[in-house]
Amino acid sequence: MAVPVAQQRKLTQRSGNICAFPECGLLLTAQGTPEDPVVVLGEMAHIVAESPNGPRGDSPLTPEERNRYENLILLCNQHHQLIDSEGALAKYTVERLHAMKEAHEQRIERRLGGRSNVSSDLPPMVNDTVYSNVLPVTQMPRYIYGAPCSARRENEVRPAATSAGMMTPFILREGRLWAFQDLRDTSNPFADVVACTETERFSTKEWWTDPDRLGWYVALLNRSLNKLTGRLGLRLDHDHHRYYFEPEAAGVERSVPYRPLNASRATRSVVWQPKKRATGEARNYWLHRAVSLRFFLIGDNQWCLSVRPELRVTSDGFESIQAKYIGRQVTRKKSRLFNHDLLGEVQFWRDFLGRSTPRIFFPFGTDRQNLIVSTSLSSGQVRWPGIPAEHDMPFKNVEYVDDLFTWAEAEGLSEDDDPADEGDEDAEEMLR
């Protein structure tokens, strides 16, 4: 097995083109002929032999380790033969050759007196909190219900009016409608199209361990996101699987209020037409704040919601521009987002989705069946040199505090209700 070129380079550079044998000092290159101007006299000697049968070959080193820089010493031909001669093996042991190599390389470094490429003025280590773009799910629905469905396509299903604020996401799979509402109840939102008496009930955790059913479950969660974002006035970009703001009127820019990183309230542009800095002239495209939302199972029983800020580009506030024409604009915009800027984008979306409250709430009708996502960003502690001072910005609004209404909502979630007895409450018209 040949010595890798990278290992050869490291050895020759650290050895200074001089034989490492004490008191030798022979230069390992010499002037040659016009056809071969440089003659190489040095030889890479193995401290532990390349072969187990060679000099000092009895070692646990692997074949790869035997051909690494750490096991090589640069010598002239005379001293290479000397250390490997049978009569000298007892004198030139592995330990002695390692010491010889180290002493020589230190001597070369002192003699050359070069400037080190490692700064001795390292910044002090600091303890810091690092935030992610992941929100923890604090409650998942306990059960999922399925029943035979008379509809063959999902667009044929029209859930009935439900109790205040209830979301009714569903999927059709293998002739059955699956939902978080109890389909055994004849007053359930899908009673017109399902056979209530043939309803199956599964623990949601059972589905998490089945790859096929897990895919169905994630699809149902994604439908829940469609319900949430639709109520907040966002549109779905089917091609890129993201949600975005649309102008409320043609040619009119849009902004929304939110709670930023370090202030009580502010407004943020969500649909705008960029202007040229030099002239103030409007550019020929519009930018829309957008977000990609995904549920992930990250442990045996732990789910999270990933929040990835994005941008949508349109020609007039409505008509999408093909990706090949907008790549540079979006890439340039994202490349200018430093840590604090990106955190600000995530802060905007968690505030908007959670309505400036401690939770993003998906009401499916009964307390134990509701889906709840905390708006507290997942974080971790690190010890590191930190980031440059100009980018080290504060982040004060880390946690949201419950008000009377969100506190009452949270208290209601922890009641010990029997899921089998849970029923619908007052009904009102709800936008799908």
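**Reading the model**

Guide: The accessible surface of the chain comes to about 24,700 Å², and 50% of this belongs to carbon and sulfur atoms. Accessible areas come from the Shrake-Rupley method with a 1.4 Å probe, and for residues only the protein chains shown count as cover. The model is predicted: local features need pLDDT of at least 70, side-chain atom pairs count only at pLDDT 80 or more, and totals for chains, interfaces and linings use all residues. Residues are numbered from 1 along each chain as its sequence is written, and side-chain values use heavy atoms, with hydrogens and water left out.

Visitor: What percentage of the 432 residues in the chain do buried residues make up?

Guide: Buried means under 20% relative accessible area, exposed means over 50%, and partly exposed lies in between (1.4 Å probe, protein chains only). Buried residues make up 41% of the 432 residues.

Visitor: How many helices and strands does the secondary structure of the chain come to?

Guide: Helices (H or I, at least four residues) and strands (E, at least two) are DSSP runs, numbered from the N terminus. The chain has nine helices and 21 strands. As for contacts, meaning heavy atoms within 4.5 Å, residues 24 or more positions apart account for 67% of those in the chain with a separation of 6 or more.

Visitor: How is a helix with a buried side read, and which residues of α3 are buried?

Guide: One views the helix down its axis and asks for the arc, which is that of the directions from the helix axis to the C-beta atoms. In α3 (residues 77-84), the residues H79, H80 and I83 are buried. Seen down the axis of α3, these buried residues fall within an arc of 105°, so they line one face of the helix. They pack against β3 (42-46), β4 (72-76) and α4 (94-112). The face turned away from the buried side of α3 carries the exposed residues Q78 and Q81.

Visitor: Which residues of β18 are buried on its two sides?

Guide: Both faces of β18 (residues 359-362) are covered, with R359 and F361 buried on one side and I360 and F362 buried on the other. β18 and β19 (residues 371-374) pair in the antiparallel sense over four bridges; I360 stands opposite V373 in β19.

Visitor: How are salt bridges read, and how many does a search of the whole structure find?

Guide: Side chains of opposite charge can pair when their charged atoms come close. A salt bridge is a side-chain nitrogen of Lys or Arg within 4 Å of a carboxyl oxygen of Asp or Glu. The search finds 19 salt bridges. One of them joins E200 and R176 (3.2 Å, N to O). This pair links distant parts of the chain, with E200 in strand β11 and R176 in strand β10, 24 residues apart. E200 is partly exposed, with a relative accessible area of 32%, whereas R176 is buried at 18%.

Visitor: Which residues are linked with E310 in a network of salt bridges?

Guide: The network links D237, R242, R308, E310 and R312. Within the pair formed by E310 and R308, the closest N and O atoms are 2.5 Å apart. E310 is buried, with a relative accessible area of 9%, and R308 counts as partly exposed at 46%.

Visitor: Where is V193 found, and with which residues is V193 in contact?

Guide: V193 is found in the loop between β10 (176-179) and β11 (200-203). At 18% relative accessibility, V193 counts as buried. Leaving aside neighbours within four places in sequence, V193 is in contact with P148, C149, S150, V157 and L177.

How values were computed: Pairing = 2+ DSSP bridges.
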